[in-house]
Amino acid sequence: MSAPPSLPGVTPDPWTALRRHTPARIALGRTGSSLPTSEVLGFALAHAQARDAVHAPFEAEATAEAIQALGLETVIVDSAAPDRASYLRRPDLGRTLSETGRAALVARTRGACDLAIVVADGLSSTAVHAHAAPLIEALLPAVRAAGWRLAPVIVARQARVALGDAVGELLGARLAILLVGERPGLSSPDSLGAYITFAPKVGRSDAERNCVSNIRAEGLSYEAAAFKLAWHAREALRLGLTGVGLKDESDIAALEAVTPPRIAPAGSRSPTG
Amino acid sequence: MAYRATLGGTTWTFESLADLMAKASPPRSGDALAGIAATSAQQNVAAKTALADLPLKAFLDQALVSYEADEVTRLILDGHDAAAFAPVASLTVGAFRDWLLSELATPAALAALAPGLTPEMAAAVSKLMRNQDLILAASKRQVTTRFRNTIGLPGTMAVRLQPNHPTDDPAGITASILDGLLYGCGDAVIGINPASDSLSVLGDLTRLMDDLIRRFEIPTQSCVLTHVTTAIQLIERGAPVDLVFQSIAGTQAANASFGVTLELLREGLEAGRSLNRGTVGDNVMYFETGQGSALSAGAHHGVDQQTLEARAYGVARAFEPLLVNSVVGFIGPEYLYDGKQIIRAGLEDHFCGKLLGAPLGVDVCYTNHAEADQDDMDSLLTLLATAGVTFVMGVPGADDVMLNYQSTSFHDALYVRELLSLKRAPEFEAWLERARIVGADGRLAPRAAGHPLLTAGRVG
């Protein structure tokens, strides 16, 4: 990130040591009032990675195969959004199952189950390609230990968070965990989020879910995320709710087990799902 | 009542005033998502034509959002100043555009007119204005506010220093603050979007900024952008709160989705003022807004998003804020799809805010799922600076590592100052010169590793 001080016209900043405190782009140096060329190109690359994360085609079949390799059944469905451009403009379509998707789920339903796992491309197919199957693998021991009846894993294309409500309702699941590619940032193009919803059904609000965010190599590890998800799932089934009524105390439970992971911030500006 | 325009032998009909306003709006994805946008380019022009013939007074007779059901409508209509409105009371919306661009609309005339204008009038006329009209008319309207410095003077532009960190790490936030100050930014406010909502963390962040401002005697103000009720709690616990923040919108129901009412904003204002921490003024509120927030909350009442955004400024001005910030490209492409829509919306928001008397700044920004890039931000920043924008954001390298979006950088502020000879708030500019961060010409001075901010302000 640093501009070599030998370049003509470029003024380096003598506080590069502060960079160890933050991932923010500080001490970039300048040429006149402007960014040095190396920083302009570095920013362009980061933006390109984030753009590609949004627009790279979702490899649903490969994702499903990776999940099948864990010994799980999968079903691939589409939302009602016909393409990426419609998906970005029409959040309502991304929250609705396509007719063929609905029919596919109805055909596979075999009575009630405890847990439905949904894998949604969301806003970063890059995140789903990288992290969905490994996270499910990390979660499986807890699922088996609890004896939860697991529905086939649903892999959903052009899907937003609330699609998990329609899927969970059709599958008759007591609880839905939806893994979704989060809105990519320049320094986090491959961040996966996980939303936990008790008694999923169409019309649930985001206040009725819990979220574990920032699952990626530089963020929350698979093991830490799986620990949090299992904790939330157990508490949700015990209390019969998710959302604002279920406060995350997994850090307390985690003290003896793993490095305390971080729950997603609500932030003072929340993007819409 | 229906509105009509006949163009080239075709008569277009608009079933209500809200329908007319929506169909007259320049295209944007949010209005299409709401199902209220014009469905053809000719229908859009027909609506503009009908709107141009509408008397401005119509907006006093006919509320777009119910007076009985919406306290924002009541605030707007009950607060309308008929005497201030008199100079334009007989005009149509189209004639009002002509008036705004004429020699009659002096800075003094525009300032006197503000209490006589409703947000709906401002929104209506903006729909008939091209980008150059929005820039020229806004440039004539100065809105000046004060807390520890003076913001909005002619020939100045302020910058909010936004030192966000993904885990609110104090050393990380301090590092970004020092970077920004050494790049000459921070006169609008040093404002943190916290990741946490823990009162103790928010109190610590408030004290961190207060310590820095007091130790180096920086004539600026701080803000932790948390809910107004949280700011009130922090004040009750003795935290050194300068500005009270809140996100607001243009309908009562959208504000309810933010957990606020006008009464609660009033309480926030009183709590902020009770501390008497301003030295040159008592504008203690900092508001953020953005087109699409009402639709996002299912609270738009069939009204177009730009008109509702103008109503949010109608809310803001009632609380004498120091800063009002339209986070124009933040909400996402389902509301503003691409660079063209973001640029247009930024210019509309700035114009409407200024016309109504709000100290309007713009977070010139986009998310990575919008069809936009830094070139679009350069364009909007340059246009807004020529229009006299009150302030913009300063984010290290334009990359907000907490909120995951791109805004404008410390370098961007330097660029536009150099291009247009824009000064900072005078008290802050004088401090920068005393601190040898800038020279007498306002440009950055040569860098010194031993600068007191870096040695005394050392972190970690």
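Q: How do you know whether chain B has the radius of gyration of a compact globule?
A: For 460 residues, a compact globule would come near 23 Å (by the rule of 2.2 Å times the number of residues to the power 0.38, over C-alpha atoms). Chain B has 22 Å, and therefore agrees with the rule. Its C-alpha trace spans about 75 × 45 × 45 Å along the principal axes.

This is a predicted model, in which local features need pLDDT of at least 70 and side-chain atom pairs pLDDT 80 or more, while totals for chains, interfaces and linings use all residues. Residues are numbered from 1 along each chain as its sequence is written, and chains are lettered from A and ligands numbered from 1 in the order written.

Q: What share of chain B counts as buried?
A: The share is 59% of the 460 residues, where buried requires 20 or more other C-beta atoms, placed from the backbone, within 10 Å of the residue's own.

Q: Which residues touch the most other members of the largest nonpolar core?
A: They are Met21(B), Val244(B), Tyr286(B) and Val392(B), in a core of 163 residues; a core is a set of buried Ala, Val, Leu, Ile, Met, Phe, Trp, Tyr and Cys residues joined through C-beta atoms within 7 Å. Helix α18 (residues 339–356) of chain B contributes the most, with eight residues; helices are DSSP runs of H or I of at least four residues, and strands are runs of E of at least two. A second, separate core has 71 residues, among them Ala132(A) and Ile215(A).

Q: How many bridges join β6 and β7 of chain A, and in which sense do they pair?
A: Strand β6 (residues 173–181) and strand β7 (residues 192–198) of chain A pair in the antiparallel sense over seven bridges. Ile177(A) stands opposite Ile196(A) in β7(A).

Q: How many residues of each chain are in contact with the other chain?
A: There are 46 residues of chain B in contact with 41 residues of chain A, contact meaning C-beta atoms, placed from the backbone, within 7 Å. On the side of chain B that touches chain A, α11(B) gives the most, with six residues.

Technical notes: Buried ≥ 20, exposed ≤ 12 C-beta atoms within 10 Å, placed from the backbone. Pairing = 2+ DSSP bridges. Contact = placed C-beta atoms within 7 Å.
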